[in-house]
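User: Got a model I'd like to walk through. Can we go over the strands, the domains and the ligand shell?

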Amino acid sequence: MQQNNQDIIAAIATPVGIGAIMVIRVSGENTLKTVDTFFCGKKKLTQAKSHTIQYGKIRDTENNTVDDVLVSIFRAPHSYTGEESCEISIHGNPWIAKKILELLFSCGVRPADPGEFTKRAFLNGRMDLTQAEAVVDVIEAAGEASLKGARNQLDGLLSSKVSALRSMLIDSASLIELELDFSEEDLEFLSHREIAQRIEILKKEIESLLATYRFGKILKEGVNVALTGKPNVGKSSLLNYLLKESRAIVSPIPGTTRDVLREEMVIQGILFRLFDTAGIRESQDELEKEGVTRSYRAIQEADIVLFINDASQGLDLDLYEKLLQITKKERIAIVMNKIDLACSVPHADARISAKTGEGMDLLCDFLYSKAIETKTYSEKSAIVSNLRHYNNLQKAKESLACALKSLEEGWSGEIVSLDLRNAEIALGEILGTITSDDILNNIFSRFCIGK
Ligand SMILES: Nc1nc2c(ncn2[C@@H]2O[C@H](COP(=O)(O)OP(=O)(O)OP(=O)(O)O)[C@@H](O)[C@H]2O)c(=O)[nH]1
Ligand SMILES: [Mg+2]
């Protein structure tokens, strides 16, 4: 797995384009010696101390100045990757970056793969796999809550929880295995009932971790909300009101919206992706028909479906029935709009006027609580937000259920210990204690280059 760890890798670590500065990251044994071939400063980088910044010029092979730069020096093992590395800050011009990269490549440095710096950090034991994965989440977090969730994982909350569970598992498995070693002597180190109790506790702990996934996923990925209803009920008006801008065309003509419009808003730190859709009705118009097909697709993909009705006309039962056929009841929220026009407003999850803004705060509160449902854990507890972790926890839980069943049915310790070992492997894979190249490639290919 570590075969590439000897190469020196380099990549631009800042966004591509013109900016105040750009940073080129270089890592691998003899990085400083290599950069020294074209760096001219007060002293050689190889002579400089770790965690210092050196000013100098980069000169090409003809001794022309390419740029004035600052080089931050990190000596092994106290660097992000755990290897000797440096970061070259240059003027933010892609052409300068290209030139410096070419100089590096001519000295045998190779371009870094996506996520390779973080992969090396993981392989060199600077962080475990859940923390490495959290690096991407921190970078991609949209919204404050999502960032907190990612930070929580990067700080190792999930890792410590999973490692603790794994140690408990190893203890229980060892006890059973110890007993097997002494089976001739008929020794019982811990009664099977006690072992079953321990496994039961472990299983419960894993179940409560699994239960955080819905919330974790929402934190990380946000919530998709489809605005649907008959034509003219005010879907686009609602979108515009929430966004505080005239994003969608609004008109008294039914069938105004044809395409699905997607916009984002943040409520209490959670990202909501709003999809304004075409009003649903039978139509002969080809364009409108296509619009309706797209509406259905958006409804199917939504976590929350805001079913908007005209309060003066009451709940559209026919359409409600139709919605129930394509999405789950608990995802649908009934909204009565145009309450400014209605004498009496029918019962609904939210009652609003997209014209006057009445009820909008309550609608936002409603969306937020519907999204997070019953959140019984704080940001300070371990939260599962990654499908890979979820699947492995699920596997561990199933193996524990098998172990319990085997114990109950009086199977031999060998069978039980096998189940426990399987559960342990599943947890080990989350942390990266046990891993394969496939898993790693899959994870790190999602990273950007330079990270
Ligand atoms: N009085 C009043 N009028 C509203 C309200 N919301 C929307 N309208 C009006 O209702 C009409 C239709 O609004 P739209 O937002 O275009 O409705 P829509 O549901 O997007 O319609 P389609 O795109 O055709 O499906 C417009 O004339 C709006 O000004 C409201 O709360 N009160
Ligand atoms: Mg519309």
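**Strands, domains and ligand shell**

Analyst: Ile53 stands opposite Ser72 in β5. Keep in mind that this is a predicted model.

User: Which strand pairs with β5 there, and in which sense, parallel or antiparallel?

Analyst: Strand β4 does, residues 53-59. It runs antiparallel to β5, residues 65-74, and seven bridges join the two.

User: What sheet are β4 and β5 part of?

Analyst: An open one of seven strands, with mixed pairing. The order is β3-β4-β5-β6-β2-β1-β7.

User: Which are the edge strands?

Analyst: β3 (39-41) and β7 (110-111). Each pairs on one side only.

User: How many bridges hold β13 to β12?

Analyst: Two, and the strands run parallel. β12 covers residues 332-337. Met336 stands opposite Arg351 in β13.

User: What about β8, mostly covered or open?

Analyst: Mostly covered. Six of the seven residues in β8 (223-229) are buried.

User: How does β8 pair with β10 and β11?

Analyst: With β10 (270-276), in the parallel sense over five bridges. With β11 (304-310), also parallel and over five bridges.

User: Where does Leu227 sit in those pairings?

Analyst: Its bridge partner in β10 is Asp276. In β11, Leu227 stands opposite Leu306.

User: Now the ligand. Which residues come nearest to ligand 1?

Analyst: Gly234, Ser236, Ser237, Thr257 and Gly279, out of 23 residues around ligand 1.

User: Which helix gives the largest share of that shell?

Analyst: Helix α9, residues 235-243. It supplies three residues.

User: How do the shell residues divide into nonpolar, polar and charged?

Analyst: Eight are nonpolar, 11 polar and four charged.

User: Last topic. What does the domain assignment give?

Analyst: Domain 1 is 3-127. Domain 2 is 134-212 + 382-432. Domain 3 is 224-372.

User: What separates the centres of domain 1 and domain 2?

Analyst: 41 Å, with the centres taken over C-alpha atoms.

Note on methods. Residues numbered from 1 in each chain as written. Chains lettered and ligands numbered in written order. Predicted model: local features only at pLDDT ≥ 70, side-chain atom pairs only at ≥ 80, totals over all residues. Pairing = 2+ DSSP bridges. Helix = DSSP H or I, 4+ residues; strand = E, 2+ residues; numbered from the N terminus. Near = placed C-beta within 6 Å. Nonpolar A, V, L, I, M, F, W, Y, C, P; charged D, E, K, R; others polar. Domains from an automatic or database assignment. Buried ≥ 20, exposed ≤ 12 C-beta atoms within 10 Å, placed from the backbone.
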